[in-house]
Amino acid sequence: SPDWKLVYFDDRAVVYVKNIARFQHIIARAAYEMIDPAIAGGTEIRAEDAPRWLAEAERAVAAAPGEWSPLQYKAKALMALGRLDEAEGATRALLELNPSAYFAWADLGFIDMLRNQPGEAERAFTECVRLRPDYSPCQEYLARLRERR
């Protein structure tokens, strides 16, 4: 709802404040316009919006050090910008904090596909499927990679 503005999130909490005069100083300083972790499912990050996503993600990482969820937004924004080495670094940092993050393994596989590293991509997608057998994106990419062999 536009009546509420996201001002903080981490792996356990999402904080919104009411969009009223009393909280305008907090909203001006801390509100996120692009990121909204309360929305279920993935959000597409378009290349033209990626710099704004990245700025918000970096602010979220700084506000919640040691939390994996802000790193996911950072990695996605970096991927949209084509900064694959940095996206891989953010994704690996996420996996250090949350090794069972199947979606991060999917992202690593996708990065490896973009780099034309099918063996590495297959390893990442295999780990994704091991962690979440019903996750169709990893199943589909894994099947495509195995068909090409």
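**Loop, helices and a pocket**

User: Where is the place of Asn116?

Analyst: Asn116 has its place in the loop between H5 and H6, where helices (H or I, at least four residues) and strands (E, at least two) are DSSP runs numbered from the N terminus. Please bear in mind that this is a predicted model, in which local features need pLDDT of at least 70 and side-chain atom pairs count only at pLDDT 80 or more, while totals for chains, interfaces and linings use all residues. Residues are numbered from 1 along each chain as its sequence is written, and side-chain values use heavy atoms, with hydrogens and water left out.

User: What phi does Asn116 have?

Analyst: Although Asn116 is not a glycine, its phi is positive, about 60°, and this comes just after H5. For background, most residues other than glycine have a negative phi.

User: And is Asn116 buried or exposed?

Analyst: Asn116 is exposed, because its relative accessible area is 66%, and the classes are buried under 20%, exposed over 50% and partly exposed in between, with a 1.4 Å probe and protein chains only.

User: How about the helices on each side, what should the 13 residues of H5 span, and how far apart are its end C-alpha atoms?

Analyst: At 1.5 Å a residue the 13 residues of H5 should span 18 Å, and the end C-alpha atoms are 19 Å apart, which agrees; the expected span is 1.5 Å times one less than the number of residues. For H6, residues 118–131, the 14 residues should span 20 Å, and the end C-alpha atoms are 20 Å apart, which also agrees.

User: Which residues of H5 are buried, and what do they pack against?

Analyst: The buried residues of H5 include Phe103, Leu108 and Ile111, together with the charged Asp107 and Asp112, where Asp, Glu, Lys and Arg count as charged, Ala, Val, Leu, Ile, Met, Phe, Trp, Tyr, Cys and Pro as nonpolar, and the others, Gly among them, as polar. The buried residues of H5 pack against helix H3 (69–80), H4, H6 and H7, with contact meaning heavy atoms within 4.5 Å.

User: Which ones are buried in H6?

Analyst: In H6 the buried residues are Ala121, Glu122, Ala124, Phe125, Glu127, Cys128 and Val129, and they pack against helix H5 (102–114) and helix H7 (136–148).

User: Changing topic, which residues is Leu54 in contact with?

Analyst: Leu54 lies in helix H2, residues 50–63, and, leaving aside its neighbours within four places in sequence, it is in contact with Lys74, Ala77, Leu78, Leu81 and Arg83. At 7% relative accessibility Leu54 counts as buried.

User: Where is Leu78, then, and what does Leu78 contact?

Analyst: Leu78 is in helix H3 and counts as buried at 1% relative accessibility. Leaving aside neighbours within four places in sequence, Leu78 contacts Leu54, Arg83, Glu86, Ala87 and Ala90. Leu78 and Ala90 are twelve residues apart in sequence, and their C-alpha atoms are 8.7 Å apart in space.

User: What about Arg92, how does it count at 36% relative accessibility?

Analyst: Arg92, which is found in helix H4, counts as partly exposed at 36% relative accessibility.

User: How much space lies in the second largest pocket, and what lines it?

Analyst: The second largest pocket holds about 210 Å³ of space and is lined by 14 residues, of which Tyr16, Tyr32, Glu33, Ile35 and Asp36 lie nearest its centre. By class, the lining has nine nonpolar, two polar and three charged residues, and the largest share, three residues, comes from strand S1, residues 4–9. On a 1 Å grid over the protein atoms alone, a pocket is an open set of points where a 1.4 Å probe fits, with protein on both sides within 12 Å along at least five of seven lines, and lining residues have an atom within 4 Å of a point; the volume is the space filled by probe spheres set on the points, which are joined across faces, edges and corners.

User: Stepping back, how many helices and strands are there in the protein?

Analyst: The protein has seven helices and two strands, and from the N terminus the elements run β-β-α-α-α-α-α-α-α. Of its 149 residues, 39% are buried.

User: What is the mean pLDDT of the protein?

Analyst: The mean pLDDT is 94, with 98% of the residues reaching 70 or more; pLDDT is the predictor's confidence in each residue, from 0 to 100. Among the elements, H7 has the lowest mean pLDDT (93), and helix H4, residues 84–97, the highest (98).
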